[in-house]
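These notebook entries record what I looked up in one structure, in the order in which I looked. I kept each entry brief.

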Amino acid sequence: MAKINTNYRKLAAGYLFPEIGRRTEEFITNNPGTPVMRLGIGNTTEPLTPHVLEGLHKGVDLLSKVETYSGYGDEQGMAQLRELIVDLYSKYSVTLNSQEVFVSDGAKPDAGNIQSIFGIDNVVAVQDPAYPVYVDSNVIAGRTGEHQKESDLYDGIVYMPCNEDNHFFPAVPEQKVDLIYICNPNNPTGYTASKEEIKTFVDYARENKAVIIYDAAYASFIADLELPKSIYEIDGADECAIEINSLSKNVGFTGVRLGWAIVPQKLVVEGTDAGEVNKLWNRRQCTFFNGASNIVQQGGMHAFSAKGLEESVEMVAYYMNNAKIIREGLIDLGFTVYGGVNAPYVWLKTPNNMDSWKFFDKLLIETRVLGTPGSGFGPSGQGFFRLSAFGHKEDVERAVESIKNNLKL
Ligand SMILES: *Cc1c(COP(=O)(O)O)cnc(C)c1O
């Protein structure tokens with residue numbers, strides 16, 4: 001008799017975004033009228049830029065002629081694209097070789113899949129609150145116990161609380177852990193760590209032969225030149241860190257799909273020589289993945305060209321101006337506000353320590369603005385609320401205006 005993977009049954013019921021969708025639908029049905037203003041899900045809204053579009057068009061045109069048609073490509077991505085990613089890192093004084101770069105269909109798939117090359121008995125540590133795939137992929141793989149309703153925590157996972165007391169960057173775990181997920185700049189808190197802060201984790205990982213899985217999906221949103229855009233800017237990180245990134249947020253490829261993972265040759269874990277982890281990820285990708293779309297990779301090459309990078313800077317600036325509008329609007333209202341400076345998320349403290357979901361309902365009912373309850377990202381998010389800077393400027397302005405005029409504080 002066939003059996004399911006019963007680990008799926010451990011997943012906490014009501015994944016965050018479906019629950020937001022359900023409550024929103026219910027609200028709209030009961031309160032028809034002007035549309036709700038969405039500052040909830042981190043989804044891009046602005047059209048692709050000219051040079052990137054040219055690359056995508058070129059990708060299509062290449063397929064139209066027998067001389068330039070291509071079928072399956074390298075599972076690791078086109079050589080030229082991998083070289084362009086190497087060049088990008090050289091701008092942060094990080095030296096990679098293209099064998100260390102694995103092009104993919106996005107950072108979320110990589111963040112979910114990467115755990116599969118590590119043993120089931122590894123102890124996993126995550127920031128709390130965190131982007132949900134880090135925990136859920138490990139639950140499904142069987143690296144955790146049950147979900148505890150009262151604490152909203154899984155047995156067997158080490159949670160690293162991120163709160164006001166540690167300005168949303170955690171101390172390294174007190175016990176020995178093996179796989180550590182760090183998202184920087186952080187979704188949802190919008191906090192962006194310094195080199196010194198990241199170094200504490202690099203030092204810990206080297207000492208404990210742990211691996212840091214570093215999600216840099218928002219690296220392009222860092223404006224402060226002192227802050228690291230890649231974990232490999234910290235000495236020794238190439239011995240202990242895998243970095244994942246994507247073009248989703250800074251180029252608008254959320255629906256187009258293109259990401260990459262860096263698995264350094266020098267990375268070592270228990271019982272391996274340098275190079276073996278890199279080979280494992282290669283093997284995993286060759287087995288399960290047939291490469292990113294060739295059309296999309298042409299778009300990606302244009303995105304990494306000088307012109308494409310300039311366009312991306314403009315797109316990022318557009319969203320970061322939204323972040324500024326949200327941040328300043330809330331500060332004017334007297335809110336305690338974090339993030340939104342080097343990251344496109346504003347993390348606000350709910351008034352009078354209101355429950356995150358209660359504030360979600362209040363904001364929706366009083367102002368017709370949709371946000372994301374902080375507690376949906378983990379128990380330390382309780383009493384906080386995330387507003388996303390992804391949206392049209394006019395809509396963001398309207399939303400902030402509505403909060404100013406209609407929220408009963
Ligand atoms: C949006 C986001 C990603 C991007 O995922 P893609 O699959 O590349 O679209 C990755 N990590 C975090 C934390 C994100 O918020």
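**Entry 1: The interface of the two domains**

I began with charged pairs, and across the interface of domain 1 and domain 2 the rule finds one salt bridge. I note here that the model is a predicted one. The pair is lysine 349 with glutamate 164, and their closest N and O atoms are 3.0 Å apart. The cut-off for a salt bridge is 4 Å, so this pair qualifies. In general, side chains of opposite charge can pair when their charged atoms come close.

I then looked up where the two partners sit in the chain. Lysine 349 is in strand 12, while glutamate 164 is in the loop between strand 6 (157-161) and strand 7; the pair links distant parts of the chain, 185 residues apart. For the structure as a whole, the search finds 15 salt bridges.

Next I turned to polar contacts across the interface of domain 1 and domain 2, and the rule finds 14 residue pairs. On the side of domain 1 that touches domain 2, helix 10 (306-332), strand 11, strand 12 and strand 15 each supply at least two residues. Helix 10 gives the largest share of that side, with eight residues.

**Entry 2: The domains and their contact**

I looked up the division of the chain. Domain 1 covers 12-47 + 308-406, and domain 2 covers 52-305. Their C-alpha centres lie 26 Å apart. To the contact, domain 1 contributes 34 residues and domain 2 contributes 41 residues.

How much area is buried between domain 1 and domain 2? I found about 2800 Å², with 57% of this area given by carbon and sulfur atoms. Three residues, Leu309, Asn342 and Phe377, supply 23% of the area that domain 1 buries against domain 2, which is more than any other three residues supply. The size of an interface is often given in this way, as the accessible area lost when the parts come together.

**Entry 3**

I followed strand 12 into its sheet. Four strands form an open sheet in the order 11-12-15-14, and the pairing is antiparallel. Strand 11 is joined to strand 12 (residues 345-349) by three bridges, and the two run antiparallel. In one of the bridges I looked up, glycine 339 has valine 346 in strand 12 as its partner.

Which helix packs on this sheet? I found helix 11 (residues 356-367), which touches strand 12, strand 14 and strand 15 (384-388). The direction of helix 11 makes about 50° with that of strand 15.

As a general point, strands of a sheet pair through backbone hydrogen bonds, either parallel or antiparallel.

Strand 3 and strand 7 pair in the parallel sense, over three bridges. Here alanine 125 has isoleucine 180, in strand 7, as its bridge partner.

**Entry 3: Backbone details**

I looked up two cis peptide bonds. One joins aspartate 128 and proline 129, with omega about 5°; proline 129 is in the loop between strand 3 (124-128) and helix 5 (133-141). Another joins asparagine 187 and proline 188, with omega about 20°; proline 188 is in the loop between strand 7 (179-183) and helix 6 (195-208).

Serine 93 has a positive phi of about 60°, although it is not a glycine. I located serine 93 in the loop between helix 3 (79-90) and strand 2 (101-104).

**Entry 4: Histidine 147**

Last, I looked up histidine 147, which lies in strand 4 (residues 147-148). The side chain of histidine 147 makes a polar contact with the side chain of aspartate 152, at 2.7 Å. Leaving aside residues up to four places away in sequence, histidine 147 touches Lys10, Ala12, Asp152, Leu153 and Tyr154.

Notes: Residues are numbered from 1 along each chain as its sequence is written. This is a predicted model: local features need pLDDT of at least 70, side-chain atom pairs count only at pLDDT 80 or more; totals for chains, interfaces and linings use all residues. Side-chain values use heavy atoms; hydrogens and water are left out. Two strands pair if DSSP finds at least two bridges between them. Contact means heavy atoms within 4.5 Å. Axes are lines fitted to C-alpha atoms, for helices over the stretch in contact, and angles run from 0 to 180 degrees between N-to-C directions. Domain bounds come from an automatic or database domain assignment. Buried area is the accessible area (1.4 Å probe) that two parts lose on being put together, summed over both. A salt bridge is a side-chain nitrogen of Lys or Arg within 4 Å of a carboxyl oxygen of Asp or Glu. A polar contact is a pair of N or O atoms within 3.5 Å; within protein, one must be able to donate a hydrogen and the other to accept it, and residues adjacent in sequence count only if both atoms are side-chain atoms.
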